[in-house]
Structure formats: structure tokens, C-alpha cells
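The entries below record what I looked up.

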Amino acid sequence: MLFMSLSLQASFFKRLSEFNQKNCTLITESLDNFYEVEKGKLYRSQQLKPQTLKKYLTKYKIKTVISLRGKSGKTREQWWDTEEQTVKDAGATFVMLPMSAVRLSSKEELTALLHLFDTAEQPI
């Protein structure tokens, strides 16, 4: 059985706490599927809950959100309106550029996306 002195235990728990604080952000962002593509310029994520989206918009001072999610019908869905309102409430611009997850994007869709990368206020 391993026994540690009180000072060694205190040191261990202090180091563990520091490790947790440093890595908590990385772990949380990984669980949110949020990643930095180019520091200060471009970030990517899955569709986030409104409060989580607001957190990242504020933390990274994101100015433009480009949603690539397609519509599942001809009508706007609630998630779309909620996401757009969350982005606008944070003072950022919301751009919808629907793309398919089951087919290759067209040349026109990719050109439009590259144009947004070049012209949209950063960070995106």
C-alpha cells in the first residue's frame, strides 16, 4: 500500500488542481466539438446550444457565424431562429449557407464559402 506524507499529498493535490484548471477548457471545448482552425481568425464547431454558443461568441470575440446546416424542409425551423437571435444578441453577424452532409458541395457553394471567408468580419 502506498502512503504519502501530508506535505506530499498537499503537493499532489495542488498539482492535480492546476492540471485540471489548465485542461478543463480543452476538455470542455472538445466535448462541444469546438476547435480553433486559425487562431484569432477561424473557429469551427457542431451546432451548439444557445448558452454555449453565446459563451464562445464572447470568449473568442467572434464577429461572424456561418451556419452550414441545411434546411430539412421549406420552412425555417426553431433552431435556426434561436441560433440567429443568439448570434445577433451577441453583436455578431449570422450568415446561413446551407450545405449537405450527404453529397459533395457544388462549385458555387464552395466559391460562396470561400468568398465569405475572405470578406466576413473576423473572427469567424
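My entries cover a hairpin, one of its residues, a pocket and the nonpolar cores.

**Ground rules.** I am working with a predicted model, where local features need pLDDT of at least 70, side-chain atom pairs count only at pLDDT 80 or more, and totals for chains, interfaces and linings use all residues. Residues are numbered from 1 along each chain as its sequence is written, and side-chain values use heavy atoms, with hydrogens and water left out.

I looked up strands E1 (residues 35–38) and E2 (residues 42–44), which pair in the antiparallel sense over 3 bridges. Strands (E, at least two residues) and helices (H or I, at least four) are DSSP runs numbered from the N terminus; two strands pair if DSSP finds at least two bridges between them. E1 and E2 form a hairpin with 3 residues between them, and Gly 40 in the turn has a positive phi of about 75 degrees.

**Tyr 35.** I then turned to Tyr 35, found in strand E1. Its bridge partner in E2 is Arg 44. Leaving out residues up to four places away in sequence, Tyr 35 touches Ser 30, Tyr 43 and Arg 44; contact means heavy atoms within 4.5 Å.

**Pocket.** Next I checked the largest pocket, which is lined by 24 residues. A pocket is an open set of points on a 1 Å grid over the protein atoms alone, where a 1.4 Å probe fits, with protein on both sides within 12 Å along at least five of seven lines; lining residues have an atom within 4 Å of a point. Tyr 43, Arg 44, Ser 45, Ile 66 and Ser 67 lie nearest the centre of this pocket. Strand E3 gives the largest share of the lining, 6 residues.

**Cores.** Last, I looked up the largest nonpolar core, which has 15 residues. A nonpolar core is a set of buried Ala, Val, Leu, Ile, Met, Phe, Trp, Tyr and Cys residues joined through side-chain atoms within 4.5 Å. Phe 34, Leu 57, Tyr 60, Ile 62, Val 65, Val 87 and Phe 94 touch the most other members. H2, H3 and strand E4 (93–99) are the elements that give two or more residues to this core. Apart from it lies another core, of 9 residues, including Leu 97 and Leu 116.

Notes. Buried < 20%, exposed > 50% of the residue type's maximum accessible area, 1.4 Å probe, protein only.
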